[in-house]
Amino acid sequence: MRERVHVREVGLRDGIQIVKTMLSTARKLAWCKASATAGIRDIEVTSFVPAKVVPQFTDAEEVARGALALGGFTASALVPNLKGAERAFAIGLPLVNYVLSASEAHNLANVRRTTDESIADFSRIVAARDAHPGPRIALGAGIATAFGCTISGAVAEARVVAIAEQLAAAGADEIIIADTVGYADPRQVGRLMGKVIAVAGRLPVGCHFHDTRGLGLANVVAALDAGVRRFDASLAGLGGCPFAPGATGNINTEDTVYMLEQLGFDTGVDVEALVALRRDVENWLPGERFSGAIARAGLPKTYRARLDAAA
């Protein structure tokens with residue numbers, strides 16, 4: 001049996017939050033369904049933020065309900081505060097991902113409060129989750145700008161590790177370390193992820209990389225070497241943060257899955273089905289920047305034979 005690596009599709013959240021075209025609810029749900037058919041089992045389907053801040057998520061409740069009705073995958077949403085979390089809890093999503101920034105300047109720009117205030121808010125979210133009736137809702141806790149910030153520059157590793165330890169102690173079910181602006185390099189990733197995994201204890205730790213400067217997949221390999229087995233990725237490399245100058249595209253889902261499979265890991269994902277979905281998304285979002293080597297060059301003839309031999 002090959003070791004499993006989990007790839008979460010975040011194109012429907014991070015991928016489309018700054019695109020110019022407003023994607024219809026029907027197309028968002030078609031994206032969900034096709035991703036699940038391709039073998040993606042974790043999809044971040046929307047974000048519960050004020051519509052005036054990110055108009056793309058005006059239909060957050062409708063998309064979340066539709067995703068739950070589709071079934072076949074774990075639907076999650078990103079939230080920046082207690083109010084957003086309460087909206088997600090009301091829908092009944094099984095996983096809610098909270099995010100704060102290690103960079104004080106970015107946290108102030110993104111959610112208009114200090115990082116310590118956001119840490120305190122996470123404790124309130126945990127309490128609200130614990131008081132919510134029905135099946136237990138898992139809480140992911142993401143630390144943005146963990147490798148550097150376009151506003152304030154360097155971010156101390158000790159600060160990131162301390163935040164991770166606080167979020168774990170407060171009740172997080174997963175820690176996600178995010179390179180929001182593509183500043184990370186493999187050596188830095190290996191060093192920081194080893195420290196975060198140590199303080200996270202038994203909690204799973206994931207990574208959210210951007211490919212801003214072409215090091216995204218190299219950073220995935222460094223994280224793998226450090227023990228990470230969970231990664232966010234966005235179809236066609238879409239994505240970027242509206243509150244972080246220069247924060248361009250996420251790592252590409254198709255290329256990430258291909259690389260992981262080539263390295264001998266099992267993602268359970270059909271790369272060719274992702275490429276087919278990508279063609280639809282390219283038609284839905286004309287004029288956007290898309291990335292990805294597999295979509296351009298195709299799979300090598302040896303790919304399928306290698307997978308069959310490994311099975």
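Is Y258 buried or exposed, and what is its relative accessible area? In this predicted model, Y258 has a relative accessible area of 19% and is therefore buried, the cut-off being under 20%.

Three aromatic pairs were counted in the model. In one of them, the ring centres of F147 and F209 lie 6.2 Å apart with an angle of 40 degrees between the planes, so this pair is tilted. F147 is placed in the loop between β5 (138-144) and α7 (157-170), whereas F209 belongs to strand β7 (residues 205-209); the pair thus links distant parts of the chain, 62 residues apart. Both partners are buried, F147 at 4% relative accessibility and F209 with a relative accessible area of 0%. Y258 forms a tilted pair with Y303, at 5.4 Å centre to centre and 40 degrees between the planes. Because Y258 lies in helix α10 (residues 253-262) and Y303 in helix α13 (residues 302-310), this pair ties together parts that are 45 residues apart in sequence. Y303 is likewise buried, with a relative accessible area of 3%.

The largest nonpolar core comprises 89 residues, and W31, I143 and I177 have the most contacts inside it. Helix α11 (residues 271-284) supplies the largest share of this core, six residues. Beyond its neighbours within four places in sequence, W31 contacts residues including L12, I16, L235, L277, V281 and W284.

G39 is located in the loop between α2 (25-37) and β2 (42-47) and counts as buried at 8% relative accessibility. With residues up to four places away in sequence excluded, G39 touches G268 and V269. The C-alpha atoms of G39 and G72 are separated by 9.2 Å, the two residues being 33 residues apart along the chain.

Note on methods. Residues numbered from 1 in each chain as written. Predicted model: local features only at pLDDT ≥ 70, side-chain atom pairs only at ≥ 80, totals over all residues. Heavy atoms only, no water. Helix = DSSP H or I, 4+ residues; strand = E, 2+ residues; numbered from the N terminus. Buried < 20%, exposed > 50% of the residue type's maximum accessible area, 1.4 Å probe, protein only. Contact = heavy atoms within 4.5 Å. Core = buried A, V, L, I, M, F, W, Y, C linked by side-chain atoms within 4.5 Å. Phe/Tyr/Trp six-rings, centres within 6.5 Å; stacked < 30°, edge-to-face > 60°.
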